Amino acid sequence: MRHMALYDMMETVRNTNQWLGATARTMASYPGLALIPHPGIRWMAAWGEVTERAFERMIAKPDWGIDSVTGDDGRDHVVQPEVILEKPFGDLVHFDVAGRDEQPRKILLVAPMSGHYATLLRSTVKSLIPNCEVYVTDWHNARDIPVSAGKFDIEDYTLYLVDFLRELGPDTHVIAVCQPAPLTLAATAYLAAEDPDAQPRTLTLIGGPIDPDAAPTDVTDFGARVTMGQLEESMCQRVGFKYQGVGRRVYPGLLQLSSFMAMNADTHAQAFYDQIFRVASGEASDHDKHNKFYDEYLAVMDMPAEFYLSTVERIFKNCEIAKNAFTVEGKHVDIGKITNVAVKTVEGANDDISAPGQCVAALDLLTGLPNEMKASHLEPGAGHYGIFAGGKWRNNIRPLVLDFIDANSEESRTAKPKAKRQRGEADKTVVNLKQ
């Protein structure tokens, strides 16, 4: 009950601040006060508007906001997210583009389960939809999952990815962003041993902690110096009575958000001060740069406690993926079993969360994969967010990833042996002519 009380206390603080913001905005907007030309009233209304919006967004799941896409035919086609495979802790979602022929590239975006919703990859999805069939792993907020659904740790996460890949079939190209990179690599290795025909064609790992010890950061240092007992006691709470997951142990999104914001408290404080000033002076809008960023950044979700704890212990502390010692349901997942899935790693030179060296370590683990099927890219000047969103992703990284996918597609693979046979026959002809 103590941990449940702490969860409810955080929700009470959030709810109270949302109410205070709404009250201040409503009171300052009272028509009678317009007779008093005092700037403090405008500031009160602006503070209320910004505060209410910020604390309201913390419990709301953002919408994908992808209504249409322009096709090669020059027409706008309606985009509709549809659930392909529904499971208790996450769904496989396809972005169906109405009235368009099916695209040859089938891409599965594996979204992080690290405190934010899959909509964090909205711009990534937008950039791929025009010429790809895009699927994404849409993880659920643990607070809304009844205890009867059972546990969900990194082994369950890996098996979810296995099920999603089996559903999509072998002509799938997987892009794993950040946190799921090591588990996506493990899921591919699991299929290599258990169901080779269900393996994807290519696997692109973007900024993931394959080997956290390869390049220490503040994140890895924190995981190293804090014991599992301390994490379980200080970071995990039970969902309160307000939600369907009442009693489930979680790592609360609000707690994680407070940690994120504390790391750059001055920057966030200045951003909100500036936004209040813009609202008071009439320069802000509903979808301005501040609101677009913080509507997504503040929207957090609870993680199952067992997933959070097993991630810290097995991925960061014990480095099971880096040591090729990961197991699923007692079975060793040997990454060396991957022999025909092309793998590319992408890192950002300025990434302070998953530093350069952590992700490219995956290539050394792929002992059974030919070197010509391995690739890596280090993007100069890119931070963690920039390697999957923003200008560096759109202009530099995305074209490289799509070229890698095309070079290792089924058509390309079948064309290579044919080209080799043709060259061999030509060589024989030359020899016969010489004779």
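Trainee: Leaving aside its neighbours within four places in sequence, which residues is Ile129 in contact with?
Mentor: This is a predicted model, where local features need pLDDT of at least 70, side-chain atom pairs count only at pLDDT 80 or more, and totals for chains, interfaces and linings use all residues. Residues are numbered from 1 along each chain as its sequence is written, and side-chain values use heavy atoms, without hydrogens or water. Contact means heavy atoms within 4.5 Å. With neighbours within four places in sequence left out, the partners of Ile129 are Ile66, Val69, Val79, Phe95, Val97, Arg100 and Val134.

Trainee: Which residues touch the most other members of the largest nonpolar core?
Mentor: A nonpolar core is a set of buried Ala, Val, Leu, Ile, Met, Phe, Trp, Tyr and Cys residues joined through side-chain atoms within 4.5 Å. Buried means under 20% relative accessible area, exposed over 50%, and partly exposed in between, with a 1.4 Å probe and protein chains only. Of the 116 residues in the largest core, those touching the most other members are Phe95, Ile129, Trp139, Tyr157, Leu185, Leu205 and Tyr308.

Trainee: Which residue in E2 is the bridge partner of Val69?
Mentor: E1 and E2 (residues 76-87) pair in the antiparallel sense over 3 bridges. In E2, the partner of Val69 is His77.

Trainee: How do H6 and H11 lie relative to each other, roughly parallel or roughly perpendicular?
Mentor: Axes are lines fitted to C-alpha atoms, for helices over the stretch in contact, and angles run from 0 to 180 degrees between N-to-C directions. H6 (residues 218-225) and H11 (residues 305-317) pack at about 100°, with axes 10 Å apart. Under 35 degrees counts as roughly parallel, over 145 as roughly antiparallel, 65 to 115 as roughly perpendicular, and the rest as oblique. H6 and H11 are therefore roughly perpendicular.

Trainee: Is Glu329 buried or exposed?
Mentor: Glu329 lies in the loop between E11 and E12 (331-332). Its phi is positive, about 55°, although it is not a glycine. At 58% relative accessibility, Glu329 counts as exposed.

Conventions
Helix = DSSP H or I, 4+ residues; strand = E, 2+ residues; numbered from the N terminus. Pairing = 2+ DSSP bridges.
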